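Please read the following report alongside the sequence and the three-dimensional structure, which are shown just below.

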Amino acid sequence: MAGESDLTTLLRSMHPVIREGDYVYALWPHGRPLEGNIEAAVREAEGLTVVLRREEASRLGLSYDFVAAWITLQIHSALEAVGLTAAVSSALTAAGISCNVLAGFHHDHLLVPSTERRHAMEVLELLGQGVVLRTERPADRESVLALTAAAFSTSAVTGLPVEGVPAEVKLLTELFDSDEYLQEFSIVAEMGGEIVGHVICTRGRVGELRLLGLGPISVQPHLQRRGIGSALLRETARRAEEAGEPGIALLGSTEYYPRFGFLPARKLGVSAPDAGWGDHFQLLPLKAWPDGASGTFRYAAPFQAR
């Protein structure tokens, strides 16, 4: 049966599946007969590289350092298909995940760091929808602001069109230029080269405790309720956890944000800048959240000017 070669079809149909266990690369000892359960092998002038399960490598006394999760793309891709490996590698690279690719006759196989298996699967599932998440760059600003204008063109309170430029556009412009701007926490969602989603966190504080203040978050209106906003929130939380941030604060829906772990900030001893916000002011505590934290949250300067 001929393999699929159309890139769009390949991406939509790749159905990534993780094999059970951890896998490693090892250099097979020169002159030693092959034995054991070897999953893949590559012969080079310098020697024979084998890929096998971690416990098998240990049983055979082989040295290794890279421990990987094995993901199989469950689509029969043609060996001459153009773009699949590049698209997958680019999406994982944008997410900060290293990837080694093995091409079999029927499927492509990815070996990613074992600790990144869940994150890699999320990236691949988004890629199947044509969406890639990456850090925002200065060249994206015009597109991000246009996206924000579209996302907030209708009032969430009245349901009527907003007159003039939405306030969120001016706020975001000022956040980009503020001292509290943190590039690694300004994330875009791209689809077909077009920016269709964006979320930003800027530096906030409770006393001397440094936190992140999230918002605004925007998704193109015609692509809302497709999981893009959820993916941006999960990526934000993942990056914040990796960076050792103690928590993320936001003002938003008490029905939507709790599904991502956000709690009324008052339950964690943190007061909203405006008491009238009530439980809509929420906080996501991360691993670095300190016991006994208390005080009033202060957003970045552009928020406070409003």
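## Y257 and its loop

In this predicted model, Y257 is found in the loop that runs between strand β12, residues 247-251, and strand β13, residues 263-264. Is Y257 buried or exposed? With a relative accessible area of 11%, Y257 falls under the 20% cut-off and therefore counts as buried. Between the C-alpha atoms of Y257 and L62 there is a separation of 47 Å, and along the chain these two residues are 195 positions apart.

## The chain as a whole

The protein chain contains 8 helices together with 16 strands, and its C-alpha trace extends over about 75 × 45 × 30 Å when taken along the principal axes. Of its 306 residues, 46% are counted as buried.

Helix α3 covers residues 84-94, and its buried residues include L84, A87, V88, A91 and L92. An α-helix has 3.6 residues a turn, so residues three or four places apart point the same way. Just after α3, the backbone at G96 adopts a positive phi of about 75°.

The partner considered here is helix α4, residues 117-128, whose axis comes within 10 Å of the axis of α3. The two axes cross at roughly 130°, an angle that makes α3 and α4 oblique to each other. The crossing in which α3 passes α4 is right-handed.

Which residues of helix α6 are buried? In this helix, which spans residues 167-176, they are V169, L171, L172, L175 and F176. Seen down the axis of α6, these buried residues fall within an arc of 165°, so they line one face of the helix. A167 and K170, by contrast, are exposed and lie on the other side of α6.

Two packed helices are described by the angle between their axes and the distance between the axes. For helix α5, residues 141-151, and α6, the axes come within 9 Å and the crossing angle is roughly 150°. Because angles over 145 degrees are counted in this way, α5 and α6 are roughly antiparallel to each other. The crossing of α5 and α6 is right-handed.

## Aromatic rings and the charges over them

When rings are paired if their centres lie within 6.5 Å, the count comes to 12 aromatic pairs. One of these is formed by F176 and Y181, whose ring centres are 5.9 Å apart and whose planes make an angle of 80°. The arrangement of F176 and Y181 is edge-to-face, because the angle between their planes is over 60 degrees. F176, which is one of the buried residues of α6, has a relative accessible area of 7%, and Y181 is also buried, with a value of 18%.

Elsewhere, ring pairs connect W277, F281, F297, Y299 and F303 into a cluster.

## Backbone features and exposed loop residues

Strand β11, residues 209-219, contains P216, and the peptide bond that leads from G215 to P216 is cis, with an omega near 0°. R225 is located in the loop between β11 and α7, the latter covering residues 228-242. Although R225 is not a glycine, its phi is positive, at about 65°. R225 counts as exposed, because its relative accessibility of 88% is over the 50% cut-off.

L34 is placed in the loop between β2, residues 23-28, and β3, residues 38-44. Is L34 buried or exposed? The relative accessible area of L34 is 54%, and this residue is therefore exposed. The C-alpha atoms of L34 and V50 are 9.9 Å apart in space, while in sequence these residues are separated by 16 positions.

Terms used: Residues numbered from 1 in each chain as written. Predicted model: local features only at pLDDT ≥ 70, side-chain atom pairs only at ≥ 80, totals over all residues. Heavy atoms only, no water. Phe/Tyr/Trp six-rings, centres within 6.5 Å; stacked < 30°, edge-to-face > 60°. Buried < 20%, exposed > 50% of the residue type's maximum accessible area, 1.4 Å probe, protein only. Helix = DSSP H or I, 4+ residues; strand = E, 2+ residues; numbered from the N terminus. Axes fitted to C-alpha atoms, helices over the stretch in contact; angles between N-to-C directions. Parallel < 35°, antiparallel > 145°, perpendicular 65-115°, else oblique. Left-handed = near helix turned anticlockwise from the far one by under 90°. Arc of directions from axis to C-beta.
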